[in-house]
Amino acid sequence: MRWVSLALAAFGPVVLIGVWMRFEVFAPSVMPGLGVGTFSGLDRIGGYAISMLPAAIGVWGFLNLAALFGRFAAGDLFDAGNALRLRRFAISLLAVVPAKVVAHALLSVWLTRAMPPGSRQLQISFSSDDVVLFAIGLLMVALATVLREAAEIADENRQFV
């Protein structure tokens with residue numbers, strides 16, 4: 001799982017490069033109703049930069065998850081540092097939801113900025129996937145809290161022996 005987490009952290013930004021290189025193909029599913037046919041190099045670079053807002057949060061989360069699985073693989077299960085790593089991953093899940101909403105809105109403005117007045121768009125998107133992701137983030141925060149308590153109990157038990 002450590003390697004899977006590292007791969008996910010690395011592949012996110014790389015996949016986005018591919019998406020923005022061929023955005024005409026992906027535009028209908030990424031930005032439905034956008035109504036823009038061709039994209040300039042500046043559109044693509046700006047779109048990639050905006051898309052990196054939630055992606056960067058995801059990278060940070062997956063790097064923390066990789067570190068957590070690395071500690072687990074080393075046999076270090078009940079440690080306050082692991083609870084912190086899990087909490088950081090949970091925070092990344094919680095933070096990526098508003099970041100996705102903001103990035104989608106910024107992308108719609110960015111990609112329609114050259115259109116004539118009245119044709120420019122501001123799209124705000126929030127889906128059931130975002131609700132589920134946020135709920136999983138809340139669950140992970142709770143699990144991180146339990147892990148922190150377990151680490152404290154394990155540390156206390158180690159001191160008695």
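# A walk around the pocket and its helices

Helix H4 gives the most to the lining of the largest pocket, with nine residues. Let us start there. This is a predicted model, in which local features need pLDDT of at least 70, side-chain atom pairs count only at pLDDT 80 or more, and totals for chains, interfaces and linings use all residues. Residues are numbered from 1 along each chain as its sequence is written, and side-chain values use heavy atoms, with hydrogens and water left out.

How is empty space found in a structure? Rolling a probe the size of a water molecule over the atoms shows where such space is left. Here the search runs on a 1 Å grid over the protein atoms alone: a pocket is an open set of points where a 1.4 Å probe fits, with protein on both sides within 12 Å along at least five of seven lines, and lining residues have an atom within 4 Å of a point. A volume is the space filled by probe spheres set on the points, which are joined across faces, edges and corners.

The largest pocket has a volume of about 810 Å³. It is lined by 32 residues, and the closest to its centre are Ser-51, Pro-54, Ala-55, Val-96 and Lys-100. Two or more lining residues come from each of H1, helix H2 (23-30), helix H3 (41-73), helix H4 (80-111) and helix H5 (128-160). Helices here are DSSP runs (H or I, at least four residues), numbered from the N terminus.

Which residue does Lys-100 form a salt bridge with? The partner is Asp-130, and the closest N and O atoms are 2.7 Å apart. A salt bridge is a side-chain nitrogen of Lys or Arg within 4 Å of a carboxyl oxygen of Asp or Glu. Lys-100 lies in helix H4 and Asp-130 in helix H5, so this pair ties together parts that are 30 residues apart in sequence. Asp-130 is buried at 3% relative accessible area, whereas Lys-100 is partly exposed at 34%. Buried means under 20% relative accessible area, exposed over 50%, and partly exposed in between (1.4 Å probe, protein chains only).

The whole structure holds three salt bridges. Another one joins Arg-113 to Asp-43, where the closest N and O atoms are 2.7 Å apart. Arg-113 sits in the loop between H4 and H5 and Asp-43 in helix H3, so the pair ties together parts that are 70 residues apart in sequence. Arg-113 is partly exposed, with 30% relative accessible area, while Asp-43 is buried at 9%. There is also a salt bridge between Glu-149 and Arg-148, with the closest N and O atoms 3.8 Å apart. Glu-149 is partly exposed at 37%, and Arg-148 is partly exposed at 34%.

Phe-134 is found in helix H5 and is partly exposed at 36%. Phe-134 and Leu-93 are 41 residues apart in sequence, and their C-alpha atoms are 6.4 Å apart in space. In helix H3 you will find Asn-64, which is buried at 7%.

Finally, visit the start of the chain. Met-1 lies in the segment before helix H1 (2-21) and is exposed, with a relative accessible area of 59%. Together, Met-1, Val-4 and Leu-8 make a nonpolar surface patch of about 290 Å². Such patches are made of residues with over 30% relative accessible area and no salt bridge, where nonpolar side chains (Val, Leu, Ile, Met, Phe, Trp, Tyr) are joined within 5 Å and like charges within 9 Å. The areas come from the Shrake-Rupley method with a 1.4 Å probe, and for residues only the protein chains shown count as cover.
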